[in-house]
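Here are a few exercises to work through with the model open beside you. Try each task before reading its solution.

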Amino acid sequence: MLETKRLLLRPWRESDAQECFRYASDPDVGPIAGWPPHTNIETSRLIIKEVLSVPETYAIVLKETDLPIGCIALKMGKYTDLTDKKDECELGFWLGKPYWGQGIMPEASEEILRHGFEELGMRKIWCGYYDGNNQSRRVQEKLGFIHQWTRKNVDVPLMHEKRTGHVNCMTREEWKERK
């Protein structure tokens, strides 16, 4: 478990399915990140078991309510297509819409970047977003990620479409300089 001033980052539990569904069913949340809205609580429960229970994937939990409001992960190995190196990973995240614009995702991301660089020994952390996902773009800018490339016609398999994708990166040295 990781902790910030307002948040706990902890593994997902099947008992989180109701709260996961509450936010992941919103059509403004998943599709901009490349996945369809959840259609029922059982879908959320299954996704918790099969997708969100992989290593280094955390529920973002408000300390004041002890309820999950989003997800953050350091995706490694077969869980990312941005790198195949053992000392690099990809930051991924989503947040329930009622919590947008409150600095929650930058707060959670700062802690997971610290964890990735200091505790996991990552040398580089990648992060991307699709055109139109301005919330994700802004978080990455605030964190200090540096644009690497833009690619058109990127497959978004869960949405059965192609989009323009933007990829950013941060090295351990860049992260240390920001502190």
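**Exercise 1: a serine in a helix**

Ser 44 lies in helix 3; helices here are DSSP runs of H or I with at least four residues, strands are runs of E with at least two, and both are numbered from the N terminus. This is a predicted model, in which local features need pLDDT of at least 70, side-chain atom pairs count only at pLDDT 80 or more, and totals for chains, interfaces and linings use all residues. Residues are numbered from 1 along each chain as its sequence is written, and side-chain values use heavy atoms, with hydrogens and water left out.

Task: decide whether Ser 44 counts as buried or exposed, and list what Ser 44 is in contact with, leaving aside neighbours within four places in sequence.

Step 1. Ser 44 has 0% relative accessibility, so it counts as buried (buried is under 20% relative accessible area, exposed over 50%, partly exposed in between, with a 1.4 Å probe and protein chains only).

Step 2. Beyond those neighbours, Ser 44 is in contact with Ala 17, Cys 20, Phe 21 and His 38 (contact means heavy atoms within 4.5 Å).

**Exercise 2: helix 1 against helix 3**

Task: work out how the axes of helix 1 and helix 3 cross, and which residues meet.

Step 1. The two axes come within 8 Å and cross at roughly 110° (axes are lines fitted to C-alpha atoms, for helices over the stretch in contact, and angles run from 0 to 180 degrees between N-to-C directions).

Step 2. That angle makes helix 1 roughly perpendicular to helix 3 (under 35 degrees is roughly parallel, over 145 roughly antiparallel, 65 to 115 roughly perpendicular, the rest oblique).

Step 3. From helix 1, Ala 17, Gln 18, Cys 20 and Phe 21 meet Ile 41, Ser 44, Arg 45 and Ile 48 of helix 3.

**Exercise 3: the buried side of helix 1**

Task: find the buried residues of helix 1 and say what covers them.

Step 1. In helix 1 (residues 17-24), the buried residues are Ala 17, Glu 19, Cys 20, Tyr 23 and Ala 24.

Step 2. Their arc around the axis is only 165°, so they sit on the same side of helix 1 (the arc is that of the directions from the helix axis to the C-beta atoms).

Step 3. Their cover includes helix 3 (41-50), strand 4 (67-75) and strand 5 (88-95).
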